[in-house]
Structures are given as structure tokens and as C-alpha cells.
Amino acid sequence: MKEYVTVATAPNRWDAVGRQMRELRLADGAVRAIGLFAPQIGASVNTVFAVLSAEDQARMDAAVEEIEALNDVVSVTRQALSPASERNLDLLEESGAMFTNRWFHVLSDKAESFEADTIPVWDEFEKDTKCHVVGMWHTAPENGVTRYLLIARYDDLEAWSASRFFNLPPEQAKPKWVESFARRRGYMTDTSVVATRCIGSSAT
């Protein structure tokens, strides 16, 4: 099982909290933060985002309590996730690259169409851009909306901007992924993105 947690820190203490989380063996090693992220654009600097992986709810709960008890942690917000596609988790390592944490708010009755217009075109999308998809997960439906979390790695902000389908030159032939991504907008009520860098994972 997976959870996405947002760790709010005391002012200017995100780095210290991040270091503590990297050193922590969560639930005696039964839970791991497979990715820790420090925001660059789109969220407060006093934040650490994490994707937690556990075998059961009891160990997940224990791990979150350990995070809450760390020095300089103000609050922890949790979001349970189910995998849509875990494509390349090995990319989650300390890096100077840009990792986007993007949320898509999808009408639940369009969730199947959203996945069909997303996952099958990743190979082509990665070939045409400087992007590598880490994975995509979704929440349980709520009020007719299912939220999807997509984590992807880009060389830098310029590479991310160049990969936007609406930024392609008008004269350029449009590959299949452009059509698919444009069609997804009809399935969504909202979307947001935070640009981060990966600061590693927790201890094993």
C-alpha cells in the first residue's frame, strides 16, 4: 500500500526534517519513504513531500506517528493511494533533476478513459521529450472525482516546458500523445503541479 504525505515543517527547517526522514527506519524498516521531495516551485519551502510504502495499515499508521514526532514537524497530511502504473520507481533517488508531483482531478466516470489516454502513450512521450515517468497512483473516488498523482522526472524546468503539448510549434506534426493529452482535459475538473527535487528515500 502507498500513501502520499505532506509534511509541514517549522520555518526554514525543511532541510533538517528531510535529513531526519532519510535517516529514519520507519516502523523498524517495515515502511519506507520510497521518495522524498523538496519543493522548488508551487508549494511552501517549509514542506517535505513523501511517498510511503507499507505492507499493512497498522505499520503505515506507526510510520506516520514516527514522522509526526520528528523535531520541527508541524503537521502531516495523508492521502491513501492505489497504483495505476508504477513505471520506474528506481528513478527515486537524490538528484538535481526536477521531479513534478502533479495532481489530476478526474471525473470518476471518466477515470478509465483518462488512464487509457495516459499510460499507453508514455513510451512515445518519453522518446519525444526529456521526461521519464516514475509512476501514477489514484485516490478513492470522492464526490464524483478521483484524484491521480503523477510523478515524473525532467532534466530541468526548460525540459518540462518543452514537453507541454501546447508549447509545440504550430507547424510541427502532432504525435499521438499530444492528441491523447489534449483529450484528457475533457475528463478533468482541475489539475495542479509542484516542481520538486528528489532528496532521496528513508533508511532500510
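A residue is called buried under 20% relative accessible area, exposed over 50%, and partly exposed in between (1.4 Å probe, protein chains only). The model is predicted, so local features need pLDDT of at least 70 and side-chain atom pairs count only at pLDDT 80 or more, while totals for chains, interfaces and linings use all residues. Residues are numbered from 1 along each chain as its sequence is written, and side-chain values use heavy atoms, with hydrogens and water left out.

Select residues 57-68 to begin, which form helix α2; helices (H or I, at least four residues) and strands (E, at least two) are DSSP runs, numbered from the N terminus. Helix α2 has twelve residues and reaches 16 Å from its first C-alpha to its last, close to the 16 Å expected at 1.5 Å a residue, a span taken as 1.5 Å times one less than the number of residues.

Next, highlight Met-60, Ala-63, Val-64 and Ile-67, the buried residues of α2. They lie on the same side of α2 because they cover an arc of only 100° around the axis, judged by the directions from the helix axis to the C-beta atoms. Their cover includes β1 (2-9), α1 (14-23), β2 (31-41), β3 (47-54) and β4 (73-86).

Turn to the face away from this buried side, where the exposed residues Ala-58 and Glu-65 are found. Ala-58 has a relative accessible area of 58%. At the start of α2, a side-chain oxygen of Asp-56 comes within 3.2 Å of the backbone nitrogen of Ala-58.

Finally, select Glu-126 in helix α4 (residues 122-128). Glu-126 counts as buried because its relative accessibility is 17%.

How values were computed
Contact = heavy atoms within 4.5 Å. Polar contact = N/O pair within 3.5 Å; in protein donor to acceptor, adjacent residues only side chain to side chain.
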